[in-house]
Amino acid sequence: KHFEKSLHLRLHAPLEWRVKQVAARDNLPVDQAVKVLRRIDAERCSLRDYFEGKKSDKTLFDVIYNSMTLSDDELVESIINMSKIKKIID
């Protein structure tokens, strides 16, 4: 957040949707996919807390995207456009 030319993004999606994605991608039963995602979420939270020194503040992000409702191409296009608006890229 201290860099002038930066864009802070967060990808978010409901747990139920993420469970279906992980279960299908990794060929896991739903209950195992839930365990995997809960572990990953806890690790990510700990990492953010370590670098921030406190609970993560969502106001640190310029944009929060819902991965459930946007395709990869839509996310990429939006990130590129936002980067242009913020004059990070030409």
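Where is Tyr50 placed? Tyr50 sits in helix H2, where helices (H or I, at least four residues) and strands (E, at least two) are DSSP runs numbered from the N terminus. The model is a predicted one, so local features need pLDDT of at least 70, side-chain atom pairs count only at pLDDT 80 or more, and totals for chains, interfaces and linings use all residues. Residues are numbered from 1 along each chain as its sequence is written, and side-chain values use heavy atoms, with hydrogens and water left out.

Back to Tyr50. With 64% relative accessibility, Tyr50 counts as exposed; here buried means under 20% relative accessible area, exposed over 50%, and partly exposed in between (1.4 Å probe, protein chains only). Tyr50 teams up with Leu47 and Phe51 in a nonpolar patch on the surface, and together they have about 410 Å² of accessible area. Patches are made of residues with over 30% relative accessible area and no salt bridge, with like charges joined within 9 Å and nonpolar side chains (Val, Leu, Ile, Met, Phe, Trp, Tyr) within 5 Å. The areas come from the Shrake-Rupley method with a 1.4 Å probe, and for residues only the protein chains shown count as cover.

Asp72, Asp73, Glu74 and Glu77 gather on the surface as a patch of negative charge. For the bookkeeping, Lys and Arg count as positive and Asp and Glu as negative, while His and the chain ends are not counted. The place of a charge is taken as NZ of Lys, CZ of Arg, CG of Asp or CD of Glu. Glu74 belongs to helix H3, which covers residues 72-85, and Glu74 counts as partly exposed because its relative accessibility is 43%.

Next come the salt bridges. A search of the whole structure turns up 4 of them, a salt bridge being a side-chain nitrogen of Lys or Arg within 4 Å of a carboxyl oxygen of Asp or Glu. One of them joins the side chains of Arg18 and Asp41, at 2.5 Å from N to O. This pair links distant parts of the chain, with Arg18 in helix H1 and Asp41 in helix H2, 23 residues apart. Arg18 is buried, at 17% relative accessibility, while Asp41 is partly exposed, at 27%.

Glu43 and Arg39 are 4 residues apart in helix H2, so about one helical turn separates them. Glu43 is partly exposed at 45% relative accessibility, and Arg39 is partly exposed at 46%. Asp62 and Lys86 also form a salt bridge, with 3.5 Å between the closest N and O atoms. Asp62 lies in the loop between H2 and S2 and Lys86 in the segment after H3, so this pair ties together parts that are 24 residues apart in sequence. Asp62 has 39% relative accessibility and counts as partly exposed; Lys86, at 32%, is partly exposed as well.

Contact means heavy atoms within 4.5 Å. Leaving aside neighbours within four places in sequence, Arg10 is in contact with Arg48, Lys58, Phe61, Val63, Ile64 and Tyr65.

Trp17 is in helix H1 and is partly exposed, with a relative accessible area of 26%. Not counting residues up to four places away in sequence, Trp17 touches Ser67 and Met68. Ser67 is in the loop between strand S2 (63-66) and H3, and is buried at 17% relative accessible area. With sequence neighbours within four places left aside, Ser67 is in contact with Leu11, His12, Ala13 and Trp17.

Finally, some backbone angles. Asn27 is not a glycine, yet has a positive phi of about 55°. Asn27 lies in the loop between helix H1 (15-26) and helix H2 (30-52) and is exposed, at 71% relative accessibility. Lys87, in the segment after H3, likewise has a positive phi, near 60°, in a residue other than glycine. Lys87 is exposed, with a relative accessible area of 60%.
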